[in-house]
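Subject: Handover of a structure

Dear colleague,

Please find below the structure that I am handing over to you, followed by an account of what was found in it. I would be grateful if you would read the account with the structure open beside you.

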Amino acid sequence: SLETVSAHCDIPCGVYDPEQARIEAESCKKIIGKYHDSDDELFRARCIGVKEDRAELAKYHIDVLWSDWYKPDKHGEEHHETFNQAVKACSELKRSMDESAADRVLELIDQIDELWKANNGPAETRVNGRPG
């Protein structure tokens with residue numbers, strides 16, 4: 001019989017890493033800085049669109065970790081709220097051109113990364129551990 005599964009890719013590969021979300025959130029922070037440093041209205045408009053896309057990708061990667069990797073019974077129920085706050089912070093980052101919104105997302109990703117590392121994430125969810 002066929003079984004329906006859900007994962008961040010077409011095959012539930014089991015590869016997860018908060019670094020994917022961090023790279024997108026760092027991009028947002030850099031783009032916000034470039035936006036504020038420019039007087040070119042076309043460039044600034046492009047910055048807004050790209051930043052919104054990157055924030056959505058950060059949110060997606062956090063959602064994947066939350067729904068596919070994080071298990072409250074294994075990783076602790078109290079961490080559920082960290083993921084919830086991180087997803088909401090990504091939504092706020094999409095709406096904001098304030099670097100503090102990016103800083104908040106990065107702060108929450110750091111907390112998720114600590115949880116991931118404390119639960120053997122690099123060894124269990126990466127082929128050769130996290131590149132160092």
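In which helix is E24 found? E24 belongs to helix 1. Please bear in mind throughout that this is a predicted model.

Before I say more about that residue, a word on the chain as a whole. The protein chain has six helices and zero strands, and its elements, read from the N terminus, follow the order α-α-α-α-α-α. Its C-alpha atoms fill a box of roughly 55 × 35 × 30 Å along the principal axes. The chain has 132 residues, of which 40% count as buried. Among contacts with a separation of 6 or more, 68% are between residues 24 or more positions apart.

To return to E24: is this residue buried or exposed? E24 has a relative accessible area of 12%, and it is therefore buried, the cut-off being under 20%. Its side chain makes a polar contact with the side chain of R54, at 3.2 Å. When neighbours within four places in sequence are left aside, the residues in contact with E24 are R54, L57, A58 and H61.

Helix 1 also packs against another helix. Helix 1, residues 19-37, and helix 5, residues 99-118, have axes 9 Å apart and meet at an angle of about 165 degrees. Because that angle is over 145 degrees, the two helices count as roughly antiparallel. Their crossing is left-handed. On the side of helix 1 the contact is made by A21, R22, A25, E26, K29, I32 and G33, while helix 5 contributes E99, A102, D103, V105, L106, I109, D110 and D113. Sorted by class, this contact has seven nonpolar, one polar and seven charged residues.

A further residue to look at is S38, which sits in the loop between helix 1 and helix 2, the latter spanning 41-69. S38 is buried as well, because its relative accessible area of 13% is under 20%. The side chain of S38 reaches the backbone nitrogen of D40 at 3.0 Å. Apart from neighbours within four places in sequence, S38 is in contact with F43 and R44. As for S38 and L93, which are 55 residues apart along the chain, their C-alpha atoms are separated by 20 Å.

With kind regards

Methods: Residues numbered from 1 in each chain as written. Predicted model: local features only at pLDDT ≥ 70, side-chain atom pairs only at ≥ 80, totals over all residues. Heavy atoms only, no water. Axes fitted to C-alpha atoms, helices over the stretch in contact; angles between N-to-C directions. Helix = DSSP H or I, 4+ residues; strand = E, 2+ residues; numbered from the N terminus. Parallel < 35°, antiparallel > 145°, perpendicular 65-115°, else oblique. Left-handed = near helix turned anticlockwise from the far one by under 90°. Contact = heavy atoms within 4.5 Å. Nonpolar A, V, L, I, M, F, W, Y, C, P; charged D, E, K, R; others polar. Buried < 20%, exposed > 50% of the residue type's maximum accessible area, 1.4 Å probe, protein only. Polar contact = N/O pair within 3.5 Å; in protein donor to acceptor, adjacent residues only side chain to side chain.
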